[in-house]
Amino acid sequence: MKTLHFGAGNIGRGFIGKLLADASHQVTFADVNETLIDQLNHRQEYRVHVVGADQKLDVVRNVAAVSSAGHEVIARLITADLVTTAVGPNILDKIASTLAKGLQARFDAGNLTPLNIIACENMVRGTSHLKQEVLKYLPVAYHATLESCVGFVDSAVDRIVPPTSAANDDPLEVTVESFSEWIVDQTQFKGELPQVAGMEPTDNLMAFVERKLFTLNTGHIVTAYLGKLRGYRTVREAIEDPVIRSKVRRAMEESGAVLVKRYGFDPRLHAAYIEKILARFANPYLVDEIDRVGRQPLRKLAAGDRLVKPLLGTLEYGLPNDHLQEGIAAALHYRNADDPQAVELQTLLADLGPARALARVTGLEADSEIVGSIVARYESMK
């Protein structure tokens, strides 16, 4: 299969691109980094260190790259069998116009064979969002053809791929944890499902999307914000603090209770899943910086994201939420002069006060009991 993958960064190369190449796909990366593109085309391979309980060095071969801003990416879209992305939620909208141009060229060339597009982002129903953006740029005359030939497949992805300084100054080398999970909505595919080891189809995607969001993402961000308050630099340093580890576990137990109630997950199996996540945070072979995990606090405090969404679930079902509240309060203290969202958050707090700022960011009511409780925690942390 010919696969075009948008995003040649660490996640693209170390996770999705690797799984596809391992499945004998002809993978072409599309990116804006010309140096990275040149390196991939020159060598057509790169190394991936897989670290954790099992460690190995893999070589991903037979890859190519094109500029996502050039004409060549359109040519690749005309003949592709699969399109995937790992560009980050903020960049997803920016590739929609390119996809629309490529799809129009594909249809004009008479290629009406099934094409599936999978956005592999930390974003709930990211591919469905991408589809709506593509439709804005694609002329209406092509919409019916798109509906019949192109599958926009939502997915849930999970693998920790922190930025690392590559050994031997190799700009293509990447380090990833041994754990990975890529779950796709099998009901949204057009044509046959691609056979990729590590890609798991399901007909109940939202259960797994929220399991990942409420467990990995919630635990990761609570670890980061509590760790930042205590002066730690990495997630591993923070999670090895027994006080933080206990608080993070309790926050994930609170969000997990929502999942058990909403989707019927087995409580014992989910408790084991929480312990696996905690062990991943403590992986001694990964240097995962708190400021990488904690960046963009405005997005991470949004109503549909990893802190407020599980909190809303606890309110819906009348479940405990003390440690989720503490994570949100810690988020309000996050400071990072190099992160525009962190700077904006502190400006909002100074200008509006904590209750109104929290309401503005989260969508919660400023005069609600839950906001008052979070603000009290925030004040006590000063």
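Tutor: Happy to. Keep in mind that this is a predicted model. The largest pocket has a volume of about 1100 Å³.

Student: Which residues are closest to the centre of that pocket?

Tutor: Of the 44 residues lining the largest pocket, Ile11, Ala86, Val87, Gly88 and Arg295 are the closest to its centre.

Student: And which elements give two or more residues to the lining?

Tutor: Those are α1, β2, α4 (89-92), β9 (155-158), α8 (205-229), α12 (290-294) and α13 (297-300). The largest share, 5 residues, comes from α1.

Student: Which residues line the largest cavity?

Tutor: The lining is made of Ile160, His220, Val235, Arg236, Arg280, Phe281, Asn283, Leu286 and Asp288. Two helices, α9 (235-239) and α11 (267-281), each supply at least two of the lining residues.

Student: Where does threonine 234 sit?

Tutor: Threonine 234 is in the loop between α8 and α9.

Student: Buried or exposed?

Tutor: Threonine 234 counts as buried because its relative accessibility is 6%, and the cut-off for buried is under 20%. If you leave aside neighbours within four places in sequence, threonine 234 is in contact with Val287, Asp288, Glu289 and Ile290. Asp288 also lines the largest cavity.

Student: Which strand is joined to β5 by 5 bridges?

Tutor: That's β2, residues 26-31, and the two strands run parallel.

Student: Now α2. Which of its residues are buried?

Tutor: In α2, which spans residues 34-43, Leu36, Ile37 and Leu40 are buried.

Student: Why are they on the same side of α2?

Tutor: They cover an arc of only 100 degrees around the axis, so they end up on the same side of the helix. As background, an α-helix has 3.6 residues a turn, so residues three or four places apart point the same way. On the other side of α2, Thr35 and His42 are exposed.

Student: What covers the buried residues of α2?

Tutor: The cover includes α1 (10-22), β2, β3 (45-51) and β5.

Student: Which residue caps the N-terminal end of α2?

Tutor: Asparagine 33 does, through a side-chain oxygen that lies 3.1 Å from the backbone nitrogen of threonine 35.

Student: And which residue follows α2?

Tutor: Glutamine 44 comes next, in the loop between α2 and β3. Its phi is near 60 degrees, a positive value in a residue other than glycine. Most residues other than glycine have a negative phi. With a relative accessible area of 42%, glutamine 44 is partly exposed.

Student: Last one: what is phi of serine 24?

Tutor: Serine 24 has a positive phi of about 70 degrees, although it is not a glycine. You'll find serine 24 in the loop between α1 and β2. Serine 24 is exposed, because its relative accessible area is 60% and the cut-off for exposed is over 50%.

Key
Residues numbered from 1 in each chain as written. Predicted model: local features only at pLDDT ≥ 70, side-chain atom pairs only at ≥ 80, totals over all residues. Heavy atoms only, no water. Pairing = 2+ DSSP bridges. Helix = DSSP H or I, 4+ residues; strand = E, 2+ residues; numbered from the N terminus. Buried < 20%, exposed > 50% of the residue type's maximum accessible area, 1.4 Å probe, protein only. Arc of directions from axis to C-beta. Contact = heavy atoms within 4.5 Å. Polar contact = N/O pair within 3.5 Å; in protein donor to acceptor, adjacent residues only side chain to side chain. 1 Å grid on protein atoms, 1.4 Å probe; cavity = no way out; pocket = protein on both sides within 12 Å on 5 of 7 lines; lining within 4 Å. Points joined across faces, edges and corners; volume = space filled by probe spheres on them.
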